[in-house]
Amino acid sequence: MVLSPRVQYRFPHYIFVDIGSTQHLMGGEIGCLEKALQIAAKFAPDASAAIADTPAGAQMLAKWRPSHISLRGKEQESFKGLGLDALKDLEGLSPWAQKKPVEHMIAFFHTLGVYGLEGVLNFRLNSLRERWGDFGVLLWNRLHSQDSQVISPLVPRDPLVGYGYLDDPLGSAPLLMNRLKVHLDILFARLQGLARHAQRLDVVLHCEYSDKRYNLSIEPVSPTRDQELFEDLLFKKLEQQVLENPIREFEITLFDVPEKIQQLDFFEPRDNTEDRWRRLISFAKQSQCEMGFLQMEASHFPEQSFRLVTDWPEDFKPQDLVERQDEALQIKSVYAKALASSPRPSLLLEKPQALSAGEVQKLRFVSSLPSERIESAWWQISVQDLKNRDYYFALSHQGQLLWVFKDRINSQVYLHGYFD
């Protein structure tokens with residue numbers, strides 16, 4: 001999940017990751033491929049990977065053309081030069097129910113003198129359907145990137161625990177630490193994928209010749225993902241134990257907490273702020289959530305005064321806001337400082353709300369003159385709902401700063417937005 005929240009595992013050893021909206025966080029497709037191989041090398045030194053438009057294409061290329069990156073929308077060009085045996089690995093999230101139909105198809109193509117995938121790509125859909133029915137249609141769809149295989153967001157629910165049984169019991173702290181480290185690598189990799197921190201690590205060592213157990217607990221001063229710190233603390237505790245009875249099995253439990261929010265001081269750089277927001281926006285986008293920053297636009301229409309953007313504009317760089325109360329100082333990070341001086345509110349109602357005469361009397365208008373006037377003569381006459389408006393700043397009885405306008409034709413007062 002370091003690369004993307006959309007992860008799917010398939011037996012026996014395939015992992016598919018959708019990096020469509022997160023690749024920019026890793027420096028592009030090449031950066032994602034390098035990161036994926038780096039993570040996989042910790043658990044499988046001979047692991048291979050590839051990037052393609054579909055999971056099926058990625059699986060096939062990972063085996064037959066490791067570390068290959070196909071051009072977007074041109075997956076079929078990456079198939080050229082591959083033999084027909086590669087069809088056995090054209091599976092993705094849904095494996096072939098049986099390999100025999102694929103083998104029969106390969107044998108049939110050989111009788112026709114076709115020995116490469118580019119030859120199969122020339123066959124029409126109707127030809128494969130008439131010969132092999134639904135199986136032929138499925139194969140044609142996968143070859144032409146038409147087989148829809150959606151990688152859903154992964155919601156990990158398994159606890160962060162590990163277990164090990166030693167065929168040869170160990171009574172040496174260094175040797176035992178080597179066995180524990182394998183499980184710690186897996187647990188901390190999962191921890192990083194979950195974007196959480198480790199608060200405490202508990203290790204239970206079971207002796208071979210008795211029911212005696214060693215209970216070791218590691219808890220740093222503050223939660224962290226620093227694996228080396230936990231390993232150093234654990235090794236120090238192992239060295240302090242007298243392992244007269246060798247260890248036969250062990251249990252590891254990692255207690256995780258949400259990622260800590262770092263306190264900013266006067267001199268701490270904020271280089272990571274932009275990267276964290278980009279990652280958050282990317283995750284929200286994959287979950288079909290609209291998220292971003294409001295950017296002011298030069299428009300006469302109030303509804304078009306702001307635009308939601310997902311990039312990090314220059315105007316949104318954080319600045320320090322110092323609040324003074326009595327003799328105490330509090331420093332806060334302010335984003336989009338330009339919005340504070342905007343003449344129009346960023347919180348607009350979808351449809352202006354008509355106010356009764358009693359509600360208008362409860363308002364306290366900041367000035368008797370309008371702060372802005374909109375007349376239909378300024379633009380197209382077809383915009384009927386925006387003509388002849390006088391806008392005012394007003395305070396409600398609760399102290400909210402409101403943006404209201406008065407229709408100059410019927411003198412009706414409307415509430416249009418709030419200043420946050």
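How many salt bridges does a search of the whole structure find? The search turns up twelve, a salt bridge being a side-chain nitrogen of Lys or Arg within 4 Å of a carboxyl oxygen of Asp or Glu. Before we look at some of them, a word on the model.

This is a predicted model, with local features needing pLDDT of at least 70 and side-chain atom pairs counting only at pLDDT 80 or more, while totals for chains, interfaces and linings use all residues. Residues are numbered from 1 along each chain as its sequence is written, and side-chain values use heavy atoms, leaving out hydrogens and water.

**Confidence**

pLDDT is the predictor's confidence in each residue, on a scale from 0 to 100. The protein averages 81, and 81% of its residues reach 70 or more. Helices (H or I, at least four residues) and strands (E, at least two) are DSSP runs, numbered from the N terminus. Residues 261-271 have pLDDT below 50, and beyond near neighbours in sequence this stretch has nine contacts in the model, where contact means heavy atoms within 4.5 Å. Where pLDDT is low, the predicted coordinates should not be read in detail.

**Cores**

A nonpolar core is a set of buried Ala, Val, Leu, Ile, Met, Phe, Trp, Tyr and Cys residues joined through side-chain atoms within 4.5 Å. Buried is under 20% relative accessible area, exposed is over 50%, and partly exposed is in between (1.4 Å probe, protein chains only). In the largest core, which has 27 residues, Leu201, Leu205, Leu234 and Leu238 touch the most other members. Strands E3 (161-170), E4 (196-207), E5 (213-218) and E6 (247-258) and helices H7 (173-193) and H8 (227-240) each supply at least two residues of this core. H7 gives the most, with eight residues. Leaving aside residues up to four places away in sequence, leucine 201 touches a list of residues including Leu184, Phe230, Leu234 and Ile252. Apart from this core lies another, of 25 residues, among them Leu90, Trp96, Phe109 and Leu117.

**Salt bridges**

Side chains of opposite charge can pair when their charged atoms come close.

| Pair | Closest N to O |
|---|---|
| Arginine 200 and aspartate 202 | 3.1 Å |
| Arginine 373 and aspartate 390 | 2.7 Å |

Arginine 142 and aspartate 147 are both buried. In the next pair, aspartate 202 is buried because its relative accessible area is 19%, while arginine 200 counts as partly exposed at 24%. The last pair links distant parts of the chain, with arginine 373 in strand E13 (residues 372-374) and aspartate 390 in strand E14 (residues 389-395), 17 residues apart. Arginine 373 has a relative accessible area of 35%, so it is partly exposed, and aspartate 390, at 7%, is buried. Elsewhere, salt bridges that share partners join Arg10, Glu91 and Lys99 into one network.

**Out on the surface**

Tyr9, Phe11, Ile15 and Val17 make a nonpolar surface patch of about 470 Å². Isoleucine 15 sits in strand E2 (residues 14-17) and is exposed, because its relative accessibility is 60%. Methionine 296, in strand E7 (residues 293-296), is partly exposed at 36%. Methionine 296 and arginine 344 are 48 residues apart in sequence and 9.4 Å apart in space, C-alpha to C-alpha.

Conventions
Patches are made of residues with over 30% relative accessible area and no salt bridge: like charges are joined within 9 Å, nonpolar side chains (Val, Leu, Ile, Met, Phe, Trp, Tyr) within 5 Å. Accessible areas come from the Shrake-Rupley method with a 1.4 Å probe; for residues, only the protein chains shown count as cover.
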